[in-house]
Structures are given as structure tokens and as C-alpha cells.
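Here are my notes on the model, as numbered points.

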Amino acid sequence: MAPGVRLVQKVSSTRAFAKVAPHVVPVMDRTVHRLTRGKVLLSARMLPGLILTVPGARSGQLRTTPLACMPEKGAEQSWILVGSNFGRSGHPAWTANLLAGPDRAVVNWQGRDIPVRATLLEGEERDEVWRAALKFWPPYATYQARVEREIRLFRLRGRDDAAS
């Protein structure tokens with residue numbers, strides 16, 4: 001575990017972080033990502049991260065969101081996204097966008113744009129991935145305990161991989 005990760009996990013589990021982070025972290029990530037032409041994502045210094053671009057569910061306008069992700073081992077171009085919304089009550093908007101256009105999303109991963117297919121995980125598959133997500137980033141348990149909704153989990157696969 002990288003130095004300081006436990007401290008970041010503790011801080012990220014607080015309600016104060018949940019209030020501030022959604023307004024600060026994505027703005028910093030988008031700015032640095034743009035300035036470095038996709039080579040640097042600040043939040044990825046703690047957790048792997050990608051940039052999700054997907055049309056808005058209602059507007060159809062492209063929405064770009066920096067997100068922590070859990071790359072899947074043994075699967076090329078496959079990631080898990082956790083719709084934790086920093087433990088805030090509503091589902092994050094990007095989850096509705098993926099539900100509305102699961103085949104219209106693109107991720108920027110390590111400076112490369114990759115068209116993906118999104119699948120909302122449910123049932124036993126979701127339970128298995130949720131356990132892995134809690135090992136990957138324990139604060140997700142605090143986020144889930146804080147909200148009444150079930151946190152949405154998505155698997156994103158490169159469209160070439162999704163057909164197989």
C-alpha cells in the first residue's frame with residue numbers, strides 16, 4: 001500500500017469529504033488531464049482512474065467525468081466503476097447516462113480513447129464484484145452504510161471484447 005493511502009482512506013470516509021470532494025476532485029482531474037493531453041490524472045495517484053465520456057441521458061450532450069476505477073485482472077480493456085457518489089444520497093449522474101446509453105460510452109485510459117460497453121451488475125455477479133471493490137477501496141463500505149440506495153456497479157469492456 002502506497003504511503004498515505006490509509007490516511008486518504010480515513011479522510012475520504014468522512015461526511016466533510018463527501019461534501020467537498022465532488023466539487024473539487026473532478027475539476028482538478030479534468031484540468032490536469034486536459035493540460036497533460038491525457039497523460040496525468042491526479043486522483044489516479046491514489047486509485048486507478050479513467051475519464052468517462054458518455055451522452056447525457058436527457059440532453060444527449062457529451063458528459064465527461066473523471067472516475068476512480070478498478071481495472072479487472074486478466075481481462076484486457078475491462079474496468080469496474082462504482083457509483084458511490086462519495087457516499088451522498090443520490091446516484092451520480094454518470095450512472096444514469098450509462099444506463100441510457102451503455103454502448104455509447106468512451107473511456108480515456110492512460111491517454112487512449114477506448115469505446116466501451118457498460119453493463120449494470122446485479123445479483124450474485126454484483127455481490128462478488130462488491131466484495132472485491134471493498135478489498136480494493138474499503139471506504140466504499142462507509143459510503144454504502146451512509147445511503148439507503150444500493151450503490152450501482154458497472155463493468156465496462158472495450159467494445160471488441162464485449163462481443164466475445
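Predicted model: local features only at pLDDT ≥ 70, side-chain atom pairs only at ≥ 80, totals over all residues.

1. Gly111 sits in the loop that joins E5 to E6. Helices (H or I, at least four residues) and strands (E, at least two) are DSSP runs, numbered from the N terminus. With a relative accessibility of 36%, Gly111 counts as partly exposed; buried means under 20% relative accessible area, exposed over 50%, and partly exposed in between, with a 1.4 Å probe and protein chains only.

2. Residues are numbered from 1 along each chain as its sequence is written, and side-chain values use heavy atoms, with hydrogens and water left out.

3. Asn108 belongs to strand E5, residues 105-109. The side chain of Asn108 reaches the backbone nitrogen of Gly111 at 3.4 Å. A polar contact is a pair of N or O atoms within 3.5 Å; within protein, one must be able to donate a hydrogen and the other to accept it, and residues adjacent in sequence count only if both atoms are side-chain atoms. Asn108 is buried, at a relative accessible area of 11%.

4. Pro115 is in strand E6 and is partly exposed, with a relative accessible area of 38%. Which residues does Pro115 contact, leaving aside its neighbours within four places in sequence? They are Ala105, Val106, Arg157, Gly158 and Arg159, where contact means heavy atoms within 4.5 Å. For Pro115 and Arg159, 44 residues apart along the chain, the C-alpha separation is 5.9 Å.

5. Overall, the protein chain has 6 helices and 7 strands. From the N terminus, the elements run α-α-β-β-β-β-α-β-β-α-α-β-α. Of the 164 residues in the protein chain, 42% are buried. Among contacts with a separation of 6 or more, 66% are between residues 24 or more positions apart.

6. The largest nonpolar core has 17 residues, and Leu50, Leu52, Trp79, Leu81, Leu98, Val107 and Leu156 have the most contacts inside it. At least two residues of this core come from each of strand E1 (49-55), strand E4 (78-83), helix H3 (93-100), E5, strand E6 (112-120) and strand E7 (152-158). A second, separate core has 14 residues, including Ile80, Val129, Trp137 and Val147. A nonpolar core is a set of buried Ala, Val, Leu, Ile, Met, Phe, Trp, Tyr and Cys residues joined through side-chain atoms within 4.5 Å.

7. Beyond its neighbours within four places in sequence, Leu81 is in contact with Leu50, Leu52, Leu67, Ala68, Cys69, Trp94, Leu98, Arg152, Leu153, Phe154 and Leu156.

8. Leu121, in the loop between E6 and H4, is buried, with a relative accessible area of 2%. Its contacts, neighbours within four places in sequence aside, are Ile80, Arg126, Val129, Leu153, Phe154 and Arg155.

9. How do H4 and H5 pack, and at what crossing angle? The axes of helix H4 (residues 123-136) and helix H5 (residues 139-146) come within 7 Å and cross at roughly 120°. Axes are lines fitted to C-alpha atoms, for helices over the stretch in contact, and angles run from 0 to 180 degrees between N-to-C directions. H4 and H5 are therefore oblique to each other: angles under 35 degrees count as roughly parallel, over 145 as roughly antiparallel, 65 to 115 as roughly perpendicular and the rest as oblique. Arg126, Trp130, Ala133 and Leu134 of H4 meet Tyr140, Ala141 and Gln144 of H5.

10. Asn85 is buried at 15% relative accessible area, whereas Phe86 is partly exposed at 23%.
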